[in-house]
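Please examine the sequence and the three-dimensional structure shown here. The paragraphs that follow lead from charged pairs to the packing of helices.

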Amino acid sequence: MTHRVLLDRAIRPAREASMPADPPPRPLAAPVEPVLPASVEPGPVEPGPVPFVPLAAAEPGTPARPRGRPWARLAAVLAVAPVLRLAVARYAVPPGEPDRTACPPCGTPLALDRPWPALGPAARCPTCRSRVGAPPGTVEVAVLAALAVLVSVGGSPGERAALAWWLGWAVPLVFVDVAVHRLPDRLTWPAAVGVQALLGVAALAAAGPAPWLRAAAAGAGLALCFAATTVVFGRRGFGLGDAKLALGAGALLGWYGWPVLVLGVLVTFTLSALTSLALLLARRVRWSSHLPFGPFLVLGTVVTLLLAR
């Protein structure tokens, strides 16, 4: 036993020397701190206002929508209604009588400095509450319809100005013709002259002289045809007021070409014939009755311009 212990003690150093040594442990890596720019100081981030980027700047290919105020424009258009109501109330009198300047029952003056409620949608005299001029709300509806036509037809600024001018005079002319079967010169002549002048501006701007000359010839030719029926047939033909109204209507139609003028005449007479037939079947009129032609001429012109565009 003593000899084995001594032998083991003598061999152990040689055995330990021949065994490979364990590798030294790896040192722990130090934590890496983020490197910030010199101008940025670490600290809490406070929320700030988000800058507004317009749609056009964010997406160059998408055009920005124009900002408009449709209610303001609509109010500006309806502001013309009292002026048109005053024209209807003033000129809707039988031929030979003076223009109306006051309420017939009570004599309250009709003027633009006091438009409400006589020249408003209610169309009532503020004193006696009787109706004044056109029926309530009808002029305002006609103004909105004229605005819709103006937007739908389109065209150059000169063409749209000519149409807007003519519609502004045509609205009271329709109500006056329906009420008393007359088209006063104080409304027909400005409508015709203004249309020719504004179409002339459109011709100078871009269209050239050919459309303007055609429009002038179309208006004059249509007016002469209507006036000829007065000379030949007397009261059974068209009145001279219809001929003067045809000056502007024919010019607007002739501006777009002779086929448009012919189509306008056909549409006008078709509307007149269908309305007359319906009234005859309903026994509202007789064969000897005389219907006002001005409303059909205005409506036929508008319908044709919408079809032509």
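Arg 85 counts as buried, because its relative accessibility is 2%; buried means under 20% relative accessible area, exposed over 50%, and partly exposed in between (1.4 Å probe, protein chains only). This is a predicted model, in which local features need pLDDT of at least 70 and side-chain atom pairs count only at pLDDT 80 or more, while totals for chains, interfaces and linings use all residues. Residues are numbered from 1 along each chain as its sequence is written, and side-chain values use heavy atoms, with hydrogens and water left out.

The side chain of Arg 85 forms a salt bridge with that of Glu 140, at 3.2 Å from N to O. A salt bridge is a side-chain nitrogen of Lys or Arg within 4 Å of a carboxyl oxygen of Asp or Glu. Arg 85 belongs to helix α4 and Glu 140 to helix α5 (residues 138-153), so the pair ties together parts that are 55 residues apart in sequence. Helices (H or I, at least four residues) and strands (E, at least two) are DSSP runs, numbered from the N terminus. Glu 140 is also buried, with a relative accessible area of 12%.

How many salt bridges does a search of the whole structure find? The search finds three. Another of them joins Asp 99 to Arg 186, with the closest N and O atoms 3.1 Å apart. Asp 99 lies in the loop between α4 and α5 and Arg 186 in helix α7, so this pair ties together parts that are 87 residues apart in sequence. Asp 99 is partly exposed, at 28% relative accessible area, whereas Arg 186 is exposed, at 55%.

Asp 185 and Lys 244 also form a salt bridge, their closest N and O atoms being 2.5 Å apart. This pair links distant parts of the chain, since Asp 185 is in helix α7 and Lys 244 in helix α9, 59 residues apart. Asp 185 is partly exposed at 37% relative accessibility, and Lys 244 is buried at 18%.

The packing of helices comes next. Two packed helices are described by the angle between their axes and the distance between the axes. Helix α7 (residues 185-207) packs against helix α9 (residues 240-255) at an angle of about 15°, with the axes 8 Å apart. Axes are lines fitted to C-alpha atoms, for helices over the stretch in contact, and angles run from 0 to 180 degrees between N-to-C directions. The helices α7 and α9 are therefore roughly parallel to each other; angles under 35 degrees count as roughly parallel, over 145 as roughly antiparallel, 65 to 115 as roughly perpendicular and the rest as oblique.

Several residues of α7 are buried, among them Leu 187, Ala 191 and Gly 194. What covers the buried residues of α7 includes α4 (81-91), α6 (157-180), α8 (209-233) and α9. After α7 comes Gly 208, whose phi is positive, near 95°.

Helix α10 (residues 258-281) and helix α11 (residues 294-308) pack at an angle of about 130°, their axes being 8 Å apart. These two helices, α10 and α11, are therefore oblique to each other. Ser 272 is found in α10 and is buried, with a relative accessible area of 15%. Apart from its neighbours within four places in sequence, Ser 272 is in contact (heavy atoms within 4.5 Å) with Phe 293 and Phe 296.
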